[in-house]
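The points go from the whole chain to its sheet and then to single strands.

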Amino acid sequence: MPIIKVQEETAGKIAGMLLQIQAIKLNTEKPFSWSSGWKSPIYCDNRLSLSYPQIRNTIKHALVQAIRENFFTVESIAGVATAGIPQGALVADLLDLPFLYVRPKPKDHGMENLIEGKVVKGQKTVVVEDLVSTGGSSLKATYALREAGLEILGMVSIFNYGFDIATRNFYDANTSLISLCDYPNLLTYALEQQYISEEQMISLKAWRVDPANWKK
């Protein structure tokens, strides 16, 4: 049975850091537009953390700790293009393990690779992702790695929206997901630190329950 959980010891700290550098923005009055067409009160761009050495290092060490606690037999790290590549490379370097990454689609020239790096069949691999929404693109990468012969122990991510559909998708794919922070923990921290009001909290919670129809 796959494990879907949040590292409770890191959730508040990571939420604070991402809000501090505006890698995560919350706005119920002027929502953001997603490519899916959804209107969203949250914008998340964890790539910004790479520009802040102290925060980058905190995230790197937290991801490594999550891997050591949950996937201690790991033999290689794989990043999901594009945002999971730098995070995965940092993690692999700290763990002194081989690193690969998965493209969204094969190259249209040369070897036409979908996976970059040395593939060793049977190698126990942990996938690194920066952000999980529905889980679709993240799990597509795990399928590609499994088809190439790698054994996927699970995935770690910086942030997870916590959608029910994502949980179902990871269970269906028999893939564990460990996240440093998720949407409920983010909202708790944001309310405590007065980033949001009680009224905004209600709207933000409603969005996660039914994002497709929120504010329609």
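**Notes on the chain and its sheet**

1. Of the contacts in the chain with a separation of 6 or more, 65% are between residues 24 or more positions apart. This should be read with the origin of the coordinates in mind: the model is predicted.

2. The overall dimensions come next. The C-alpha trace spans about 50 × 35 × 35 Å along its principal axes. A compact globule of 216 residues would have a radius of gyration near 17 Å, and the chain agrees with this because its own value is 17 Å.

3. On burial and surface, 46% of the 216 residues are buried. The accessible surface of the chain comes to about 10,900 Å², and carbon and sulfur atoms hold 49% of that area.

4. The secondary structure consists of seven helices and eleven strands. Seven strands make up an open sheet with mixed pairing, in the order 1-11-10-9-6-7-8. Strand 1 (4-6) and strand 8 (115-116) are at the edges; each has a single partner strand, so one side of each lacks a neighbour in the sheet. Helix 1 (residues 8-20) packs on this sheet and touches strand 1, strand 10 and strand 11. The direction of helix 1 makes about 50° with that of strand 11.

5. How much of strand 10 is buried? Nine of its ten residues are, which leaves the strand mostly covered.

6. Strand 9 (residues 124-132) runs parallel to strand 10, and eight bridges join the two. Within this pair, Val 128 is opposite Val 156 of strand 10. The chain passes from strand 9 to strand 10 by way of helix 4 (residues 136-147), a β-α-β crossover that is right-handed.

7. Strand 10 (residues 151-160) also pairs with strand 11 (residues 177-182), in the parallel sense and over five bridges. Met 155 faces Leu 177 of strand 11 across this pairing, and Phe 159 has Cys 181 of strand 11 as its bridge partner. Which helix lies on the path from strand 10 to strand 11? Helix 5 (residues 164-172) does, and this β-α-β crossover is right-handed.

8. As background to the pairings above, strands of a sheet pair through backbone hydrogen bonds, in either a parallel or an antiparallel way. Here, strand 10 is parallel to strand 9 and parallel to strand 11.

Conventions:
Residues are numbered from 1 along each chain as its sequence is written. This is a predicted model: local features need pLDDT of at least 70, side-chain atom pairs count only at pLDDT 80 or more; totals for chains, interfaces and linings use all residues. Side-chain values use heavy atoms; hydrogens and water are left out. Two strands pair if DSSP finds at least two bridges between them. Helices (H or I, at least four residues) and strands (E, at least two) are DSSP runs, numbered from the N terminus. Contact means heavy atoms within 4.5 Å. Axes are lines fitted to C-alpha atoms, for helices over the stretch in contact, and angles run from 0 to 180 degrees between N-to-C directions. The radius of gyration is taken over C-alpha atoms; the globule rule is 2.2 Å times the number of residues to the power 0.38. Buried means under 20% relative accessible area, exposed over 50%, partly exposed in between (1.4 Å probe, protein chains only). Accessible areas come from the Shrake-Rupley method with a 1.4 Å probe; for residues, only the protein chains shown count as cover. A crossover is right-handed if, with the strands pointing away from the viewer, the path from the first strand over the helix to the second runs clockwise.
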